[in-house]
Amino acid sequence: QVQLVESGGGMVQAGGSLRLSCAASGRPFSPYGMGWFRQAPGKAREFVAHIRWNGPITYYADSVKGRFTISKDTAKNTLYLQMNSLKPEDTAVYYCAVKKDSGPSYDSWGQGTQVTVSS
């Protein structure tokens with residue numbers, strides 16, 4: 001069973017930056033891909049970014065393209081999300097998740113980390 005632990009959230013002013021991390025435990029760890037999602041108060045959880053674990057392929061939501069960068073360190077089983085030019089509408093709980101195969105579902109989720117962007 002994979003366990004995911006996010007960190008790096010916090011409060012920042014608009015225009016600022018944060019870097020989220022997601023450490024995965026459980027061996028062997030060789031997922032198909034990993035992703036970041038977020039959920040703002042009163043809203044549904046939404047996709048933010050995805051990265052293929054074995055390869056360079058990445059996908060982003062239109063709302064974060066050009067501002068957020070997803071990356072990974074496969075040696076450390078760690079996923080990252082570099083968030084620049086943050087906006088108040090980026091305020092949410094951010095979750096990382098693991099996709100075991102190419103199917104549509106993510107299989108394991110972290111507990112989330114709060115990101116608050118003030119105007």
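How many aromatic pairs does a search of the whole structure find? The count is 5. Keep in mind as you click around that this is a predicted model.

**Stop 1: a pair of rings**

Select F37 and F47 and show their side chains. These two form one of the aromatic pairs, in an edge-to-face arrangement, with 5.7 Å from centre to centre and 75° between the planes. The pair ties together distant parts of the chain: F37 belongs to strand β4 (residues 33-39) and F47 to strand β5 (residues 46-52), 10 residues apart.

Is F37 buried or exposed? F37 has a relative accessibility of 10%, so it counts as buried, the cut-off for that label being under 20%. F47, with a relative accessible area of 30%, is partly exposed.

Together with F37 and F47 they make up one aromatic cluster. While you have Y106 on screen, bring up K99 too: K99 lies over the face of the Y106 ring, 4.7 Å from the ring centre.

**Stop 2**

Go back to cartoon view and colour β4 and β5. They pair in the antiparallel sense, over 6 bridges. To see how they line up, pick G35 and look across to H50 in β5, which stands opposite. The two strands form a hairpin with 6 residues between them, and in its turn G42 has a positive phi of about 75°.

Carry on from β5 into strand β6 (residues 58-60). This antiparallel pair is joined by 3 bridges, and A49 has Y60 in β6 as its bridge partner. Here the hairpin has 5 residues between the strands, and G55 takes a positive phi near 145°.

Why is β5 largely enclosed by the rest of the structure? Because 5 of its 7 residues are buried.

**Stop 3: the open sheet**

Now select β1, β3, β8 and β7. In that order, they form an open sheet of 4 strands with antiparallel pairing. Its edge strands are β1 (3-7) and β7 (68-73), each of which pairs on one side only. On average, neighbouring strands in this sheet are turned by 15° against each other, ignoring direction.

Zoom in on β7 and strand β8 (residues 78-83), which run antiparallel with 6 bridges between them. Click S71 and find its bridge partner in β8, Y80.

R19 lies over the face of the Y80 ring, at 4.0 Å from the ring centre.

Technical notes
Residues numbered from 1 in each chain as written. Predicted model: local features only at pLDDT ≥ 70, side-chain atom pairs only at ≥ 80, totals over all residues. Heavy atoms only, no water. Phe/Tyr/Trp six-rings, centres within 6.5 Å; stacked < 30°, edge-to-face > 60°. Buried < 20%, exposed > 50% of the residue type's maximum accessible area, 1.4 Å probe, protein only. Lys NZ or Arg CZ within 6 Å of the ring centre and 35° of its normal. Pairing = 2+ DSSP bridges. Axes fitted to C-alpha atoms, helices over the stretch in contact; angles between N-to-C directions.
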